[in-house]
Amino acid sequence: MIRVRLHQRFVRFTLDVDFESTGPVVGVFGRSGAGKTTLLHALAGIVKTAEATVRIDEDILCQRPGEIWVPPESRRLALVTQDPLLFPHLTTRGNLTYSPRGRSALQEAYGRRVVDVLRLAPLLGRSPQTLSGGEQQRVALGRALLSEPRWLLLDEPTAALDAELSREVLALLLEAKRSLGVRMILVTHRAPELLALADDCVVLDAGRVVAQGSPLEVIAKPRGVGVANLVGVDNLLRLAVERHDEVGGVSWLALGAGPSLGAGQSLATPLIEALAGDRVDIGLYAEDIILSRARPGATSARNCLTGTITALDPVGHEVLVSLEVGSVALRCRVTPGAVRELGLAMGQSAFALIKTTACHHLSAYRTLLPDG
Amino acid sequence: MSAEERAVVGLALQVALWVVVVSIGPGIGVGWALARWSSRWKLLLQGIVMLPLVLPPIVTGYLLLRLLGRSSLLGQAFHAVTGGHIAYTSGACVIAAAVVGFPLLVESVRLSMLSVDRRLELVSRSLGRGRLSTFCRITLPLSWPGVVSGLVLAFARALGEFGATMILAGNIEGETRQIPLAVYTLLNRPGSEAAVVRLTAVSVGLSLVALVGAAFLAGRRRRA
């Protein structure tokens with residue numbers, strides 16, 4: 001269990017955080033400048049905030065005012081940052097055994113497991129400068145894990161990597177969580193990472209906790225426009241697989257029966273590896289949906305869903321249109337000009353055109369690794 | 001080279017080596033403080049340390065004499081304890097040369113420690129290494145080329161030290177007379193041109209070897 005209460009005024013913003021979580025993986029989510037990194041640094045003990053309470057299980061790591069201050073080296077909270085920050089004058093092995101516990105940990109079953117999971121064995125004798133970005137991040141993770149931390153503090157560990165490498169690192173984190181039982185605080189601004197890894201999610205905005213809950217709860221049902229904007233994925237749908245059309249290259253998901261038009265419609269997505277009846281998570285960005293008043297002719301978009309407009313919310317220079325299709329509400333982003341020209345209004349029916357490739361299969365992150 | 005000249009060169013080398021020995025600890029400590037402290041006293045410390053770089057060496061020597069001479073409090077205390085004196089000894093040569101060379105060492109250490117990514121130190125702390133351990137395992141090894149070149153500069157500067165040494169240690173043959181003082185003395189002695197040329201050559205040679213050696217060491221360290 002981790003209990004955090006921090007208060008500190010900075011020049012740009014005030015950090016005022018108060019939460020408690022049992023993890024095992026706590027996602028800290030928010031846009032840059034929200035105070036995520038400062039929060040991690042305060043936990044690690046490398047930033048002293050004016051008021052601070054950090055408790056891990058039964059141990060009090062700091063209590064200010066109250067003058068309890070456990071120095072960073074005694075907290076057993078290992079920091080892994082966006083840059084791997086390997087020690088350049090040491091080999092991979094030197095980096096892995098750097099922590100006081102590292103040398104003995106490497107000899108034990110746990111250490112061998114870490115080397116195994118992160119595939120570090122071939123890298124041991126090499127110097128950090130000769131490693132690729134992904135390899136460096138693997139070593140950084142291994143170095144942190146071998147210090148046998150109580151919690152791993154991850155500061156956007158995939159931000160500096162390309163999409164493929166970040167999926168790989170994510171898979172390794174997932175594996176570390178599953179097979180090594182590591183507890184983590186994961187700071188990120190990528191929603192899919194939260195869905196893949198976090199059990200509990202804390203959303204920060206301007207230094208404050210604006211939401212906490214399971215990632216799906218926080219992301220799918222954002223409370224307040226602020227959280228919705230932060231999350232960035234406008235439509236998050238958990239749908240049951242109906243059938244696969246392997247020749248057509250699509251999987252069909254049931255949109256469910258709703259009170260209005262469109263009951264019994266299906267959503268076409270790229271082929272998903274899941275059994276019929278399985279529920280999968282689909283992310284869909286509001287700007288990837290085209291609205292039409294009339295049913296269009298033949299198009300390459302596999303989805304032409306019909307629904308009812310239930311809301312029109314101006315957001316900045318755009319309008320967020322909510323379209324009720326079956327049991328789900330799709331948020332679609334259009335320009336005010338489009339609203340005027342099409343005469344979009346509450347209660348009207350409209351068609352939503354969606355390419356299959358715009359439907360992002362989020363559960364894919366969960367199935368990167370075989371269960372077990 | 002005459003026996004007299006060999007003694008001069010030998011003493012110069014001894015003094016310069018002792019300068020390296022006594023400066024290394026304080027030089028690393030002060031360089032680190034100037035690189036990592038954020039206190040407002042840092043500027044004052046930096047000013048004091050850099051002072052010998054801009055003061056006329058003779059003035060530095062005079063201040064040292066007031067501080068350590070026979071009539072000073074420290075000088076008297078030293079005499080009471082050991083029965084000896086600081087001023088006008090080869091020890092005084094070391095002190096004068098160390099003080100004058102200190103800013104060169106500190107500046108070199110400071111710059112190389114500034115170039116060590118602080119986040120490496122923070123990661124080290126979070127991995128369970130304390131301040132001192134982090135310093136010895138991360139900061140110092142990574143700034144080592146700067147420390148070495150600072151020490152070499154201090155060494156070379158000690159070989160060339162003249163003004164402060166003359167005031168604090170005098171020009172005593174066999175005791176405090178090193179290369180610059182010997183050259184100065186020989187220039188005033190008719191018919192010693194050959195000796196002056198020999199000492200000059202030794203002076204240039206030693207300094208060059210030291211500087212090239214330092215550059216080589218620093219380069220090799222960086223490539224390693």
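B:Thr185 is buried, with a relative accessible area of 17%, because a residue is counted as buried under 20%. In this predicted model, B:Thr185 belongs to helix H9 of chain B, which covers residues 179-187. Residues up to four places away in sequence aside, B:Thr185 touches B:Asn171 and B:Arg177. Between B:Thr185 and B:Val204 there are 18 Å in space, C-alpha to C-alpha, and the two are 19 residues apart in sequence.

When neighbours within four places in sequence are set aside, the contacts of A:Leu197 include A:Val25, A:Leu170, A:Leu173, A:Leu174 and A:Lys177. A:Met184 and A:Leu186 are also in contact with A:Leu197.

Strand S13, residues 250-254, is joined to S14 of chain A by five bridges, and the two run antiparallel. A:Val250 stands opposite A:Pro270 in S14(A).

The final topic is the contact between the two chains. Chain A provides 19 residues and chain B provides 18 residues. About 1,800 Å² is buried between chain A and chain B, with carbon and sulfur atoms giving 66% of that area. On the side of chain A, the residues that lose the most area to chain B are A:Glu73, A:Leu85 and A:Tyr98, together 37% of what that side buries.

One of these residues, A:Glu73, is found in the loop between strands S6 (68-69) and S7 (77-80) of chain A. Its side chain makes a polar contact with the side chain of B:Arg125 at 2.8 Å. A:Glu73 is also in contact with B:Gly128, B:Arg129, B:Gly130 and B:Arg131.

Two salt bridges are counted between chain A and chain B. The side chains of A:Asp83 and B:Arg119 meet in a salt bridge of 2.9 Å, N to O. S7 and helix H5 (133-146) of chain A each supply at least two residues of the side that touches chain B. The largest share of that side, three residues, comes from S7(A).

Technical notes
Residues numbered from 1 in each chain as written. Chains lettered and ligands numbered in written order. Predicted model: local features only at pLDDT ≥ 70, side-chain atom pairs only at ≥ 80, totals over all residues. Heavy atoms only, no water. Contact = heavy atoms within 4.5 Å. Pairing = 2+ DSSP bridges. Helix = DSSP H or I, 4+ residues; strand = E, 2+ residues; numbered from the N terminus. Polar contact = N/O pair within 3.5 Å; in protein donor to acceptor, adjacent residues only side chain to side chain. Buried < 20%, exposed > 50% of the residue type's maximum accessible area, 1.4 Å probe, protein only. Buried area = accessible area lost by both parts, 1.4 Å probe. Salt bridge = Lys/Arg side-chain N within 4 Å of Asp/Glu carboxyl O.
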